[in-house]
Amino acid sequence: MMNVNLDKFTDKGQYKVPEGYFDTLADRIMANIPEAPIQEKKQKKSAKIISLNTRVKIAVAAAIAGALISSITVRLYQQDKKLADVNTKTEMTTTPETYGEEYVNDYIDYAMVDEDDIYKYLSEN
């Protein structure tokens with residue numbers, strides 16, 4: 001190990017405090033502080049207490065709202081799925097060979113096509 005001479009690091013009176021410095025220190029500090037009115041302590045807010053009965057009511061309301069939202073979502077999903085199935089079936093089964101003459105007659109009634117329109121169409125083609 002290295003020998004360190006601590007004598008050269010000791011305080012030999014390099015820093016001196018003026019006479020009576022600490023005697024008047026408190027008075028000088030107080031003189032520099034501006035006088036302000038003492039404010040009253042603010043009242044602390046107390047914690048909000050929710051009774052068990054209220055918590056149960058909130059939990060029941062949340063459960064009902066969740067069930068309602070879930071059921072609406074499921075119903076809309078099923079309705080969209082049924083609509084997609086109907087559209088798919090309509091596209092796949094629109095040929096007259098599938099249903100025969102009955103289907104064609106129903107379609108003509110639905111489209112409000114009368115016999116004159118059919119004769120006109122056939123004569124043009």
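Aspartate 116 is exposed, at a relative accessible area of 55% (exposed means over 50%, buried under 20% and partly exposed in between, with a 1.4 Å probe and protein chains only). The model is predicted: local features need pLDDT of at least 70 and side-chain atom pairs pLDDT 80 or more, while totals for chains, interfaces and linings use all residues. Residues are numbered from 1 along each chain as its sequence is written, and side-chain values use heavy atoms, without hydrogens and water.

Aspartate 116 belongs to helix H5, residues 115-124. Asp114, Glu115, Asp116 and Asp117 form a negative surface patch. Patch residues have over 30% relative accessible area and no salt bridge, with like charges joined within 9 Å; a salt bridge is a side-chain nitrogen of Lys or Arg within 4 Å of a carboxyl oxygen of Asp or Glu. The charge is placed at CG of Asp or CD of Glu.

## Fold and surface

The chain has five helices and zero strands, in the order α-α-α-α-α from the N terminus. Helices (H or I) are DSSP runs of at least four residues, and strands (E) of at least two.

Of the 125 residues, 0% count as buried. The accessible surface of the chain is about 13400 Å², 58% of it from carbon and sulfur atoms, by the Shrake-Rupley method with a 1.4 Å probe.

## Aromatic pair

The structure holds one aromatic pair. Tyrosine 21 and phenylalanine 22 form this pair edge-to-face, at 5.2 Å centre to centre and 85° between the planes (ring centres within 6.5 Å; planes over 60 degrees apart for edge-to-face, under 30 for stacked, the rest tilted). Tyrosine 21 is partly exposed at 34% relative accessible area, and phenylalanine 22 is exposed at 58%.

Note on methods: Patches are made of residues with over 30% relative accessible area and no salt bridge: like charges are joined within 9 Å, nonpolar side chains (Val, Leu, Ile, Met, Phe, Trp, Tyr) within 5 Å. Lys and Arg count as positive and Asp and Glu as negative; His and the chain ends are not counted. Rings of Phe, Tyr and Trp (its six-membered ring) pair if their centres lie within 6.5 Å; planes under 30 degrees apart count as stacked, over 60 as edge-to-face and the rest as tilted.
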